[in-house]
Amino acid sequence: MSDIQQAMALLITAFTKYASKEDDKDTLNKEELKELLQNEFGDLLCKANDKAAIDRIFKDLDTNKSNSVDFSEFVNLVCCVTQMCHEYFICKK
């Protein structure tokens, strides 16, 4: 498997790990998202313990207003954070 394919598999595995904690295995509820952010993003999202910040992130991610975050919405978060990290490291050179 290529590096990109491994990264894709890891994203799917991580999403499934947290989405599988409650009834709906295809989406994250707010608690599942909070746990995922705290455990998987750590210091990249320093506000992961702030309830208001979690509420804002959840609301922003839930673009279809289903009161849950599906895989597509989750991937948007990963892409945005990845872009911010890339820009940060490019600027540091």
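**Ground rules.** I worked on a predicted model, where local features need pLDDT of at least 70, side-chain atom pairs count only at pLDDT 80 or more, and totals for chains, interfaces and linings use all residues. I number residues from 1 along each chain as its sequence is written, and side-chain values use heavy atoms, with hydrogens and water left out.

**Salt bridges.** I looked for a side-chain nitrogen of Lys or Arg within 4 Å of a carboxyl oxygen of Asp or Glu. By this rule I count three salt bridges.

I took Glu40 and Lys17 to begin with; their closest N and O atoms are 3.9 Å apart. This pair links distant parts of the chain, with Glu40 in helix H2 and Lys17 in helix H1 (residues 3-19), 23 residues apart. For helices I use DSSP runs of H or I with at least four residues, and for strands runs of E with at least two, numbered from the N terminus. I then checked exposure, calling a residue buried under 20% relative accessible area, exposed over 50% and partly exposed in between (1.4 Å probe, protein chains only). Glu40 is partly exposed at 42%, and Lys17 is partly exposed at 49%.

I next looked up Lys21, which forms a salt bridge with Glu35 at 3.0 Å between the closest N and O atoms. Lys21 lies in the loop between H1 and strand S1 (27-28) and Glu35 in helix H2, so the pair ties together parts 14 residues apart in sequence. I read a relative accessible area of 42% for Lys21, which is partly exposed, and 28% for Glu35, also partly exposed.

The remaining entry is Lys30 with Asp55, whose side chains meet in a salt bridge of 3.1 Å, N to O. Lys30 is in helix H2 and Asp55 in helix H3 (residues 51-61), so parts 25 residues apart in sequence are tied together. Lys30 counts as partly exposed at 33%, and Asp55 as partly exposed at 25%.

**Negative patch.** Which residues form a negative surface patch? I found Glu22, Asp23, Asp24, Asp26 and Glu31. Patch members have over 30% relative accessible area and no salt bridge; like charges are joined within 9 Å, and nonpolar side chains (Val, Leu, Ile, Met, Phe, Trp, Tyr) within 5 Å. I located Glu31 in helix H2 (residues 30-41). Glu31 counts as exposed because its relative accessibility is 56%.

**Cysteines.** I then searched for disulfides, meaning pairs of cysteine sulfur atoms within 2.5 Å. The count comes to zero.

I noted Cys79 as partly exposed, with 40% relative accessibility, and Cys85 as partly exposed, with 23%. Cys79 sits in helix H4 (residues 71-92). I also checked Cys79 against Lys51: their C-alpha atoms are separated by 23 Å, and the two residues are 28 residues apart along the chain.

Notes:
Accessible areas come from the Shrake-Rupley method with a 1.4 Å probe; for residues, only the protein chains shown count as cover. Lys and Arg count as positive and Asp and Glu as negative; His and the chain ends are not counted. The place of a charge is taken as NZ of Lys, CZ of Arg, CG of Asp or CD of Glu.
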